[in-house]
Amino acid sequence: MRTLGETGVLETSARTSYAAARATRAAAVDEWLARLLGLEPEVALVAVGGYGRRELAPASDLDLLLLHRGGSRDEDGVRALAQRVWYPIWDSGLPLDHSVRTTEEARAVARSDLKVALGLLNARHVAGDPQLTALLRETVLADWRAGAAHRLPEVRAAAAERAERHGELAFLLEPELKEARGGLRDVHAIHAVAAAWVAEGPGARVREAYEFLLDVRHALHEVTGRAVDRLVLQEQDAVARAVGLNDADVLLRALAEAGRRISYACDLTWRSLDRFLAPRERRRRPRTGRTGGGVGGRQPVRRPLARDVVEQEGEAVLARDADPLADPTLILRAAAAAAQAGLPIAPATIETLATRSAPLPVPWPEAARDALVALLGAGRSAIPVWEALDQSGVIVELIPDWERVRNRPQRSPVHTFTVDRHLVEAAAAAAAFTREVARPDLLLLAALLHDIGKGWPGDHSRTGETVARDVGARIGLAPPDIEILAGAVRYHLLLPQTATRRDLDDPATVEFVARAVGSHELLDILFALAIADGHATGPGAWNEWKAGLVADLVRRVDAVLAGEVPPPPPPLGPEQVDLARCGGPAVHVDGAQITVVAPDRPGLLWRAAGVLALHRMVIRAATAASYEASERVAVTVFTAAPEYGTAPDARLLGDDLRRALAGRLDVAERLEKRRQAYQPRPGIPVPPPRVTLLDDASHTATVVEVRAHDRPGLLWRIGRALGEAGLDIRSARVETLGAEAVDVFYVVDGSGSPITDSRRRAAVRRAVLDAVR
């Protein structure tokens with residue numbers, strides 16, 4: 001197991017100086033408060049919470065309890081003494097959280113208030129009568145242990161509520177250092193459970209991670225001059241430098257490592273709590289190894305899971321005669337057995353496998369490769385097992401290339417997870433499609449490796465292809481299987497990107513995909529991988545609109561690979577036919593989907609987008625195509641949501657669209673008036689837009705791809721620029737990924753032909769760039 005320093009992301013000198021600064025500050029405050037209190041009998045000044053732990057960051061508040069015996073001290077005298085201490089603190093500008101109580105009062109409040117109880121678990125004597133503080137600590141701890149059966153579930157519920165509200169620190173682009181899952185509060189929860197003698201306290205690796213979070217929080221307070229716990233984007237580079245790291249990405253990677261260590265330790269703590277809370281007749285003493293007796297001399301019940309692997313007390317453990325040194329495949333076999341049974345691996349078993357296993361030969365034997373596939377095929381049950389292996393250092397030993405993506409942050413807001421966790425999530429999602437492909441093993445391996453190229457510079461699909469070949473050879477795949485695996489990694493974005501950014505009715509689109517894929521076998525794997533990748537990316541990365549386009553593309557490519565004529569595009573639906581019969585533009589709103597049907601004419605798409613912008617609709621996706629009915633009919637389907645409030649009525653949208661098409665509604669003027677009336681706050685710097693005219697993407701049209709930061713009216717501005725350049729949008733694919741728009745337009749000139757003149761192509765590019773800047 002490696003330390004944070006061994007990952008190359010942590011400077012020891014920075015950590016030492018911050019830890020020393022916190023200790024020095026706490027000692028200085030202790031001395032000052034002792035002078036303020038003076039030699040008063042029968043009272044004690046007690047530090048609780050973070051101050052009690054000597055963790056005073058620059059903007060931390062002081063948590064203080066003035067403890068008194070009561071009885072012999074009159075209420076006015078205690079109040080005067082408290083003011084003698086509190087007022088100088090307030091005058092100094094230090095934030096103060098204070099209370100005045102007797103020991104019994106403090107115990108009573110702790111019994112009913114979890115926050116107070118957790119703070120008192122860290123009670124530390126500062127000044128006054130030390131016996132009074134010692135009595136408080138003894139009685140509070142005794143109460144905590146006596147009430148563990150009902151207090152510890154409260155601790156777990158509070159941790160779950162924090163995680164739900166603040167997310168998981170390891171995967172946040174702007175981590176909440178204290179409240180998120182894997183943050184400082186979770187370590188306090190582990191301490192609280194340990195104080196009740198129900199589980200072990202934080203180990204050395206967790207304490208190191210905790211100290212690192214404290215250092216980052218300390219630096220954040222220094223950089224901002226405020227008591228903040230969320231590390232926002234604009235502060236990350238400065239904080240990284242303050243703690244001795246190169247840049248924000250290195251900082252986020254180190255935070256992910258720390259957060260995952262703490263989250264994993266929390267999971268182990270909650271498992272210990274579950275055993276403690278189990279009915280007494282089912283309880284067994286927690287095991288620390290592979291042998292030993294049960295409670296009262298009874299042996300724990302063991303149930304076989306796989307060769308040399310058994311279930312005991314809800315965990316997968318090694319059989320008594322298992323020998324990891326003589327069986328290098330045991331580590332993967334145990335992991336697969338645990339995942340397939342939906343069980344965690346016991347911590348002691350993980351430790352044994354990580355430190356006493358013989359190395360796997362390279363290439364791997366078939367049994368090891370089969371065990372890896374079985375592990376991945378367990379679906380979501382594989383994720384906690386994989387995390388346990390990862391935390392013990394096993395994964396990098398098995399697949400050395402994994403180190404390059406481990407804890408690597410993804411700066412796109414579309415992505416929920418770090419690169420490595422995204423890969424595991426994708427493999428778990430792919431397990432649902434193993435019945436749909438000829439080679440389920442290659443699907444699972446491709447899902448695990450599809451983004452592994454992100455650990456190297458350059459196009460991650462191309463670098464990933466090279467890494468996939470190396471990993472395939474390492475795990476013992478046959479050469480033909482290595483080619484399929486490498487192809488799946490190389491082309492894992494081909495289907496979704498083509499389906500959402502190209503005209504599927506253009507024969508060149510389908511021919512291009514068919515040439516790249518080359519076989520039904522790889523096409524099926526890519527189809528399943530696209531779905532799994534989308535679901536594993538985040539809630540905004542996969543939807544019915546994208547799923548339908550990808551399925552349509554696969555249907556067409558499958559026909560081409562079979563030597564058949566590509567199927568025609570699906571006909572108009574009944575609702576669209578009814579709308580087309582209206583004669584004029586008609587609008588139908590169904591939730592987030594807005595369908596516009598009208599006689600085909602130049603400028604229809606962008607004028608419709610402008611009307612939606614006027615009604616404060618944010619367009620997330622759009623497709624535009626034409627169909628032959630009684631006349632040429634254009635159908636544009638938008639996926640949009642209101643900036644706030646509810647979506648406008650379809651009849652109102654239709655009326656405004658008719659006015660816009662008739663020239664009676666000046667969209668540009670209305671949008672400009674709105675912009676002048678309300679100047680939005682400047683946002684963060686974003687990369688400049690990019691406009692590309694793609695060659696060979698179509699034989700019958702010029703394909704214009706626009707990538708830009710999304711903002712209201714963007715699609716309208718692009719379309720108007722193309723229209724003013726004398727171009728007609730034959731079809732379009734519009735998609736918004738997080739805050740980034742990727743819009744593709746198939747355009748032709750007045751004669752219905754692609755743009756071939758280089759000067760005109762350059763002019764079109766400049767016009768679109770001017771429109772989106």
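This report covers the overall build of a predicted model, then a few of its local features.

## Basis

In this predicted model, local features need pLDDT of at least 70 and side-chain atom pairs count only at pLDDT 80 or more, while totals for chains, interfaces and linings use all residues. Residues are numbered from 1 along each chain as its sequence is written, and side-chain values use heavy atoms, with hydrogens and water left out.

## Overall build

The protein holds 30 helices and 15 strands. Both are DSSP runs numbered from the N terminus: helices are H or I with at least four residues, strands are E with at least two. The C-alpha trace spans about 100 × 70 × 45 Å along its principal axes.

Of the 773 residues, 52% are buried (under 20% relative accessible area; exposed is over 50%, partly exposed lies in between; 1.4 Å probe, protein chains only). Take contacts (heavy atoms within 4.5 Å) between residues at least 6 apart in sequence: 68% join residues at least 24 apart.

## Surface and charge

The protein exposes about 34200 Å², by the Shrake-Rupley method with a 1.4 Å probe. Carbon and sulfur atoms supply 52% of that area.

There are 98 positive and 103 negative side chains. Lys and Arg count as positive, Asp and Glu as negative; His and the chain ends are not counted. The centres of the two sets lie 2 Å apart, with each charge placed at NZ of Lys, CZ of Arg, CG of Asp or CD of Glu.

## Strand β13 and its partners

Strand β13 has 6 of its 8 residues buried, so the rest of the structure largely encloses it. β13 pairs with β12 (residues 690–694) in the antiparallel sense over 5 bridges; pairing requires at least two DSSP bridges between strands. Here R690 stands opposite R707 of β13.

β13 also pairs with β15 (residues 740–748), again antiparallel, over 8 bridges. V704 has F745 in β15 as its bridge partner.

## D710

D710 sits in the loop between β13 (702–709) and α29 (714–724). D710 is buried yet has no salt bridge (a side-chain nitrogen of Lys or Arg within 4 Å of a carboxyl oxygen of Asp or Glu). R620, the nearest side chain of opposite charge, is 4.1 Å away. Beyond neighbours within four places in sequence, D710 contacts V618, I619, R620, T736, A739, E740 and A741.

Helix α14 (residues 366–376) has buried residues including A368, R369 and L372. Their cover includes α12 (330–341), α15 (382–391), α17 (419–430) and α18 (440–449).

A108 lies in helix α4 (residues 103–112). A108 is partly exposed, at 38% relative accessible area.
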